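Biologist: Hey, can you walk me through this model? I'm new to reading these.

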Amino acid sequence: MIAVVAAVIASLVAVLIRWLPESASEEMDRITFVYWFATIICIGIFALVAAVIIEAVWAFRVQPDDDTDGPPIHGNTRLEIAWTIVPAILVIAIGVVSAVVLSKNADAGSNPLHVKVFAQQFAWKFEYPGKVMSDELVMPLHRNVKFEMQSADVIHSLWIPQMGQKQDVVPGITTEIVITPTRTGTFTLICTELCGLGHATMRAPVRVLDQPAFQAWLAKQRSAGGAGGATSGAAGGQTGGATSDTSALGKTTFASAGCGGCHTFTPAGTDAQVGPDLDNLAADAKAAGEPVADYVRQSIVDPNAVIAKGYQPNVMPPTFGDTLKPDELDALVAYLSGKGAS
Ligand code: CUA
């Protein structure tokens, strides 16, 4: 009776609380199966142990004025064999089920979509076949997506809660993970390895599209990339075209370099507070006694040269001078300095 009550209580706790997000991938379905497989075993063990403890405490409690010793007990061979073999079988069963799921979840099938993932403090970038770069992770429905992941600095970790799979991104090696989406929708990719001050802001939007919509998205990204972002130049004159190109490149560079992960900048619609507020650059440049554009360029390429009041050195990665192309850097400086930002 006690065991039944304990099992019912434990089952209610397991079922009524939503411990896991609603699955959105084949891998998550398998992980959820392992979770319930182990949980059901745990509920059974819990019920048995709770029943034995409560019954023993009640039935063998001391009587009033009973100062005698209990009877000497020297073990029980049958009981000891049972409580060794039964848990061993259960643990082996959980191990086998987990191993099968791990191996199935690592199998990318014969025709996966390959997506390269680049992680750096504090942003994610994704590369699709045909050198298509994106700040947003877009995945096709019901297709194995194989991620090949690299880090530019420290250890990060890729996790989309509804997709279950989680894998570290480690500098110096390429790690892999497979995700097969089972429903369309929008999700969030979260960095789950403490990687610095901006760790909590290191997120990326995720969209799962059905296959035709995904192909259309990929084709659109390809044509946009192929045109070099010069699509806006045709209508204007020589000068007007060049200015709006620079402005557009500044804006896309701000997004692709992940500036918004740490900085507030109203024209880009970002409000993070890890690093200095970029809406105040004119005042900061004045305080440093430099023209705005020079101050901005220096702060990007050599972030420790001038540290804004209230902030720490060595938080901003010093690598942007190497990773940004010269025209991207020029455009970003112009964008942040307020030139051509309209
Ligand atoms: Cu990257 Cu935490």
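Predicted model: local features only at pLDDT ≥ 70, side-chain atom pairs only at ≥ 80, totals over all residues.

Biologist: What does the chain average for pLDDT?

Modeller: The chain averages 87, and 93% of the residues score at least 70. pLDDT is the predictor's confidence in each residue, from 0 to 100.

Biologist: Where is confidence lowest, and where is it highest?

Modeller: Helix H5 (residues 238-256) has the lowest mean, 72, while strand S6 (residues 156-159) has the highest, 97. Those labels come from DSSP runs numbered from the N terminus: helices are H or I with at least four residues, strands are E with at least two. Over residues 226-241, pLDDT stays under 50, and the model has seven contacts there beyond four places in sequence. Contact means heavy atoms within 4.5 Å.

Biologist: New topic. At what angle do H6 and H7 pack?

Modeller: Helix H6 (residues 281-288) and helix H7 (residues 292-301) pack at about 90°, with axes 9 Å apart. Axes are lines fitted to C-alpha atoms, for helices over the stretch in contact, and angles run from 0 to 180 degrees between N-to-C directions. H6 and H7 are therefore roughly perpendicular to each other. Under 35 degrees counts as roughly parallel, over 145 as roughly antiparallel, 65 to 115 as roughly perpendicular, and the rest as oblique.

Biologist: Which residues in H6 and H7 meet?

Modeller: From H6 there are Leu281, Ala282, Asp284, Ala285 and Ala288, and from H7 there are Val292, Tyr295 and Val296. The residues of that contact divide into seven nonpolar, no polar and one charged. Ala, Val, Leu, Ile, Met, Phe, Trp, Tyr, Cys and Pro count as nonpolar, Asp, Glu, Lys and Arg as charged, and the others, Gly among them, as polar.

Biologist: How about H9, how many of its residues are buried?

Modeller: Nine of the 12 are buried, so H9 is largely enclosed by the rest of the structure. Buried means under 20% relative accessible area, exposed over 50%, and partly exposed in between (1.4 Å probe, protein chains only). Among the buried ones are Glu328, Tyr335 and Ser337. After H9 comes Gly338, with a positive phi near 90°.

Biologist: And which residues of H3 are buried?

Modeller: Val97, Val101 and Asn105. The buried residues of H3 pack against helix H2 (26-59) and strand S8 (175-179).

Biologist: Is Gln120 buried or exposed?

Modeller: Gln120 is in strand S1 (residues 113-120), and at 13% relative accessibility it counts as buried.

Biologist: Which peptide bond is cis?

Modeller: The one from Gln121 to Phe122, with omega near -5°. Phe122 lies in the loop between S1 and strand S2 (123-128). Most residues other than glycine have a negative phi, and most peptide bonds are trans.

Notes:
Residues numbered from 1 in each chain as written. Heavy atoms only, no water.
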